[in-house]
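Please walk through this structure one piece at a time, with the model open beside the text.

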Amino acid sequence: QVQLVESGGGLVQPGGSLRLSCVASKSFGVADTMAWYRQGPGKERELVATNQIGKGIIYGDSVKGRFTISRDNNRNAVYLQMNSLKPEDTAVYYCHVLLHRQIYWGQGTQVIVSS
């Protein structure tokens, strides 16, 4: 059973930066999909960024040019670098992994962007 442990969330002022990390509890090979989703207060969960083998990287329209997703397959980790943060980026962020036809979710990490 794979568990995903997230870290890096917190309170940041507008224009600031954060780097979210998601590390798996067990070693595995290259996952088919590693991604980040978020859910703001009263909103539906939305795709932030996804990295898929054979398809490359796709970003949600609202974060293009500001966020960067990256993998470290040797460390079984996925990261999200968030720059130029806006109040509307406030949400709980969840990492997502598709591995061997099974879906795994992180517990969520809170990001609050406020002055």
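Cys95 is buried, with a relative accessible area of 0%. This value, like the others here, comes from a predicted model. Cys22 is buried too, at a relative accessible area of 1%. Both values fall under the 20% cut-off, so both residues count as buried.

What do Cys22 and Cys95 form? They form a disulfide, with their sulfur atoms 2.0 Å apart. The structure holds one disulfide. Cys22 sits in strand β3 and Cys95 in strand β9, so the bond ties together parts that lie 73 residues apart in sequence. The torsion about the S-S bond is about 45 degrees, so this disulfide is right-handed.

Now follow β3 into its sheet. Four strands make up an open sheet, in the order β1-β3-β8-β7, and the pairing is antiparallel. Which strands are at the edges? They are β1 (4–7) and β7, and each pairs on one side only. Neighbouring strands in this sheet are turned against each other by 15 degrees on average, direction ignored.

Take β8 next. In the strand order, β8 stands between β3 and β7. β3 and β8 pair in the antiparallel sense, over six bridges. Arg19 stands opposite Gln81 in β8. Val23 stands opposite Ala77 in β8. β7 and β8 form a hairpin with four residues between the strands. In that hairpin, Asn76 takes a positive phi near 50 degrees.

Is β8 mostly covered or mostly open? It is mostly covered: five of its six residues are buried.

In soluble globular proteins, nonpolar side chains tend to be buried together. The largest nonpolar core of this model has 28 residues. Which of them touch the most other members? They are Leu4, Trp36, Val48, Phe67, Leu80, Met82 and Tyr93. β3 (18–24), β4 (33–39), β5 (46–52), β7 (67–72), β8 (77–82), β9 (91–99) and β11 (109–113) each supply at least two residues. β9 gives the most, with five residues.

Look closely at Met82, one of the core residues with the most contacts to other members. Leaving out residues up to four places away in sequence, Met82 touches Gly16, Ser17, Leu18, Leu20, Arg66, Phe67, Tyr93 and Val111. Phe67 and Tyr93 are themselves among the core residues that touch the most other members.

Arg66 is also on that list of Met82 contacts. Where is Arg66 found? It lies in the loop between β6 (56–59) and β7. Buried or exposed? Arg66 has a relative accessible area of 11%, so with the cut-off at 20% it is buried. Its side chain makes a polar contact with the side chain of Asp89, at 2.8 Å. Again leaving out residues up to four places away in sequence, Arg66 touches Gln81, Met82, Asn83, Ser84, Leu85, Lys86 and Asp89. Gln81 is the residue in β8 that stands opposite Arg19.

Definitions and conventions: Residues are numbered from 1 along each chain as its sequence is written. This is a predicted model: local features need pLDDT of at least 70, side-chain atom pairs count only at pLDDT 80 or more; totals for chains, interfaces and linings use all residues. Side-chain values use heavy atoms; hydrogens and water are left out. A nonpolar core is a set of buried Ala, Val, Leu, Ile, Met, Phe, Trp, Tyr and Cys residues joined through side-chain atoms within 4.5 Å. Buried means under 20% relative accessible area, exposed over 50%, partly exposed in between (1.4 Å probe, protein chains only). Contact means heavy atoms within 4.5 Å. A disulfide is a pair of cysteine sulfur atoms within 2.5 Å. Two strands pair if DSSP finds at least two bridges between them. Axes are lines fitted to C-alpha atoms, for helices over the stretch in contact, and angles run from 0 to 180 degrees between N-to-C directions. A polar contact is a pair of N or O atoms within 3.5 Å; within protein, one must be able to donate a hydrogen and the other to accept it, and residues adjacent in sequence count only if both atoms are side-chain atoms.
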